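Trainee: I would like to go through this model term by term. Please set each value against its definition.
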Amino acid sequence: MSNGEINISGIVLLEQMANLEDKDRVREAFGLFCAKFGICLLKYAEVWCEKWGLPISDGERGVDITFERALRHHSFDPSMYEGDDMDRRIEIWLKRILHNVLYDIKANRLSNLEIKDKSLEVIQNTEALYDMWRTGNEDEDEHLMDAIRLLDAKIKGMSENMRIIYLTYMAYETQHQYLPRYLTAKLQAVTGLPQSTIKVYKQRAKKYIQNH
């Protein structure tokens, strides 16, 4: 699907993807965002995979990771760009991320999360969330830290178990429609709660965030 077939602007989709309190809207916006920019990124990945001798599967993987980073870090700053064609600016921004991702694949230095092994862990505090999402880019990590501080203030009134449940789902649910079973088992072990109660805590946590 080409950019022109998605009528919603990229900047509007990015704004919807940054709305952490409405995960259904985030998922919908993220799907449209991927459809809007996916083909141009795949073409870009093919060029660099050929230059660097990488299989096209690595290019496809790089595009997936690029979209995940765009979703997690919300690092696009429209004030840094001039002109009316903001979609083109977003495309350039995504290609820069993708170029770095492909280089990391080439150098075999991706994080455990992006390798997608079975090492996902329960997130017990916002510091762990920051450590998982940090990129090493000073500007991106500064924006991330601002978001983490805001989140930390919002969840202070929650019980410990509710915080753990909320943070763990927040960390991974945008990448998995449901958390992997091995991770929900870890969550049950840490909280001492059955999965049915964890689901109730998750919904209560979402309502708590919406009201604070």
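Mentor: Start with burial. Buried means under 20% relative accessible area, exposed means over 50%, and partly exposed lies in between, with a 1.4 Å probe and protein chains only. By that rule, 42% of the 212 residues of the protein count as buried. The model is predicted, so local features need pLDDT of at least 70 and side-chain atom pairs pLDDT 80 or more, while totals for chains, interfaces and linings use all residues. Numbering runs from 1 along each chain as its sequence is written, and side-chain values use heavy atoms, without hydrogens or water.

Trainee: Why is Thr-66 called buried?

Mentor: Thr-66 has 0% relative accessibility. The cut-off is under 20%. Therefore Thr-66 counts as buried. Thr-66 is in helix H3. Its contacts, leaving out residues up to four places away in sequence, are Leu-41, Leu-94, Ile-97, Leu-98 and Val-101. Contact means heavy atoms within 4.5 Å.

Trainee: What makes Asp-139 exposed?

Mentor: Asp-139 has 51% relative accessibility. Exposed needs over 50%, so Asp-139 counts as exposed. This residue lies in helix H7. The C-alpha atom of Asp-139 is 8.1 Å from that of Ser-75, and 64 residues separate the two along the chain.

Trainee: How do you know what counts as a helix here?

Mentor: Helices are DSSP runs of H or I with at least four residues, strands are runs of E with at least two, and numbering starts at the N terminus. The protein comes to 10 helices and 0 strands. Among contacts between residues at least 6 apart in sequence, 70% join residues at least 24 apart.

Trainee: Why is H8 called roughly perpendicular to H10?

Mentor: H8 and helix H10 (residues 195-210) pack at about 85°, with axes 9 Å apart. Axes are lines fitted to C-alpha atoms, for helices over the stretch in contact, and angles run from 0 to 180 degrees between N-to-C directions. Under 35 degrees is roughly parallel, over 145 roughly antiparallel, 65 to 115 roughly perpendicular, and the rest oblique. That makes H8 roughly perpendicular to H10. By class, their contact has 8 nonpolar, 2 polar and 3 charged residues.

Trainee: What makes a residue nonpolar, polar or charged?

Mentor: Ala, Val, Leu, Ile, Met, Phe, Trp, Tyr, Cys and Pro count as nonpolar; Asp, Glu, Lys and Arg count as charged; the others, Gly among them, are polar. In the H8 and H10 contact, Tyr-166 is one of the H8 residues and Lys-206 one of those from H10.

Trainee: What makes a space a cavity and not a pocket?

Mentor: On a 1 Å grid over the protein atoms alone, a cavity is a set of points where a 1.4 Å probe fits but cannot get out. A pocket is an open set with protein on both sides within 12 Å along at least five of seven lines. Lining residues have an atom within 4 Å of a point. Grid points are joined across faces, edges and corners, and a volume is the space filled by probe spheres set on the points. The count comes to 2 cavities of 30 Å³ or more. The largest cavity holds about 40 Å³. Leu-20, Glu-21, Lys-23, Tyr-166, Lys-206, Ile-209 and Gln-210 line the largest cavity. H10 gives the largest share of that lining, 3 residues.

Trainee: What is the volume of the second largest pocket, and which helix gives the most to its lining?

Mentor: The second largest pocket has a volume of about 610 Å³. Of its 32 lining residues, the closest to the centre are Ala-18, Asn-19, Leu-20, His-74 and Ala-147. H7 gives the most, with 7 residues. The lining divides into 20 nonpolar, 6 polar and 6 charged residues.
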